[in-house]
Amino acid sequence: MDAFEWMSPQDIEQAARAATTTVAAAMVRDSGEPAAGDALLKAGGIDLLDLMKEGLLKPRRLIHLRNIAGLDRIEGAEGGLRIGPNVTLSQLASHAEVRMRFRALAQAAGASASPQIRHLATLGGNLLQRPRCWYLRSRAHHCTRKGGDRCFAFGGENQYHAIFDHKGCAIVHPSTCATALIAFGARLEITGPRGARRAPSVEEFLLLPEADLHRENTLEPGEIVTAIVLPAPAQATRSLHIKQCETESFDWPLADVAVVLDLESGVCRKAAVVLGAAAPAPHRARAAEAALTGKRIEEPVIRVAARAALQGAAPLAKNGYKLPIFETLLRRALLAATEG
Amino acid sequence: MPHNTAPHASRCTQGVTGATVGPGAAAIRLEVNGIVRALAVLPSETLAEVLRERLALTGTKIACDRGACSSCTVWVDGAPVCSCMVLAIEVDGHRVTSIEGLAGEALHPVQSAFIEHDAIQCGFCTPGLVMSCVALLESHPHPTEEEVKAAIGGHLCRCGTYPHVIAAVLDVARKGKRSP
Ligand SMILES: Cc1cc2nc3c(=O)[nH]c(=O)nc-3n(C[C@H](O)[C@H](O)[C@H](O)COP(=O)(O)OP(=O)(O)OC[C@H]3O[C@@H](n4cnc5c(N)ncnc54)[C@H](O)[C@@H]3O)c2cc1C
């Protein structure tokens, strides 16, 4: 890696003042070399160092967030949980209350990457990692997301790309945890150089290409995610996350689903159904949610809902195989969620 | 962990926060295999590079250099991590255990079991695999086969030694020997 300066601030304000831009903005350029001179935020560094090693970022300075006290806690908040952004995926996956009350999130965190990566990777960084699209991650491809004028996935190798909402860019959102966070209605506390902003839901925070081609979220330069807040779930909530990979061991999913059901004696009062690795932001399957609401969750209802989840899908040349995978994952998730 | 408590070792102090250092070398102190080391490292140097190139602990292997093969696995404060994705400056004040820190007079029982079960072919992934397997047995002395598979799930072995690795770990667990 190229040399850089290192700053390890003790508080959020100091970190917010020091950051000059976001990683997404730093990767947008006319052509050629990435800009030098940026000061960028670093948590676990798994995504950031990867982008630097690939020559896609050349920061002048890294601002290490992991020595800021208090950002690595999980605490109760108004019946729900307030999770610090520096909490690692392994802490999240093994936390007793997360496992019991927010099972889908513990499952999503525990099924991401490898044990070695989960010990380093943070929830904040997981949510803010850049997409895995191989054209985005290739220095040789000046794609729309980096300020170029075409998305190479159209007419290219698009087997891992989006089946929904791929207007102008066909990335899928890379965060497996985000699938579960959206299903639980999580919100983000965010502080910038001018103080805290109104806490957006994760769903509002993540952007589709039609809103912005160059970034996956509304993070502004100097803004720091200071907490991920899970609202109190209804008493009889059942949740489940499952992912399907190409191999049994560590990898980003081909498809993943999170379901959160509020059940009262077998009848679904409220449902959240979210598809991951399906679209540039986790895809809320509203037609599936409607098909479940007010119903007893049984085989025929499950079958209708799983089919409905794929309404509006527009697979590309090489990713039509994702449709039956999503449908099967959803049927499994809904069945398993009601059983246990 | 027993192999980290050499009598001459003392805990490093936490590195200075707040100040900006680099791009040239910065001073860090860390404990490696029970010995406190004071080093000057570039902020851009990874822990894997520093272990290999500055401390000549070449048992730790760098293969993919992206956290995707786990051959560089070492422990930081007892937890297995990919040392290619950790900066040396981040572990200022922390405790690192590499493959060289496992054996005492004799090999660690997991190392012996790898030999006994022929769990090594080219050997490049082996140090990392051993670090993951020992870490597993420290926290789960009697793992199931599924738990062993989950613990080594991040490791790539192109020779395909996985079944032998699993057999070796289960054998150590069965015999109940966990330290050299
Ligand atoms: C082999 C492998 C397999 C993987 N598989 C999966 C998988 O299945 N699912 C999955 O979801 N991920 C997977 N990952 C990705 C990994 O989980 C992420 O790279 C990691 O979670 C990023 O977190 P980090 O703390 O290392 O972030 P960093 O790399 O430090 O940061 C990522 C981004 O977030 C920004 N940032 C970090 N914290 C904050 C904050 N508090 N406020 C504002 N900005 C911040 C940084 O500036 C940077 O842009 C895998 C990675 C590897 C290497």
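Author: A term is needed to begin: helices, of at least four residues, and strands, of at least two, are DSSP runs numbered from the N terminus. Please note also that this is a predicted model.

Reader: Thank you. Where does Trp134(A) lie?
Author: Trp134(A) is found in the chain A loop between helix H8 (123–128) and helix H9 (176–183).

Reader: Which residues make the nonpolar surface patch?
Author: Trp134(A) makes that patch together with Tyr160(A) and Tyr321(A), and the patch covers about 270 Å².

Reader: Now the two chains. How many residues are in contact?
Author: On chain A there are 31, in contact with 34 residues of chain B. The two chains bury about 2,500 Å² between them, with 60% of it on carbon and sulfur atoms.

Reader: Which three residues supply more of chain A's buried area than any other three?
Author: They are Trp6(A), Lys53(A) and Gln116(A), which supply 28% of the area that chain A buries against chain B.

Reader: How many salt bridges are there across the interface?
Author: The rule finds three between chain A and chain B. One salt bridge joins the side chains of Lys42(A) and Glu90(B), at 3.1 Å from N to O.

Reader: And which element of chain A gives the most to the side that touches chain B?
Author: That is H3(A), with four residues.

Definitions and conventions: Residues are numbered from 1 along each chain as its sequence is written. Chains are lettered from A and ligands numbered from 1 in the order in which they are written. This is a predicted model: local features need pLDDT of at least 70, side-chain atom pairs count only at pLDDT 80 or more; totals for chains, interfaces and linings use all residues. Side-chain values use heavy atoms; hydrogens and water are left out. Patches are made of residues with over 30% relative accessible area and no salt bridge: like charges are joined within 9 Å, nonpolar side chains (Val, Leu, Ile, Met, Phe, Trp, Tyr) within 5 Å. Accessible areas come from the Shrake-Rupley method with a 1.4 Å probe; for residues, only the protein chains shown count as cover. A salt bridge is a side-chain nitrogen of Lys or Arg within 4 Å of a carboxyl oxygen of Asp or Glu. Contact means heavy atoms within 4.5 Å. Buried area is the accessible area (1.4 Å probe) that two parts lose on being put together, summed over both.
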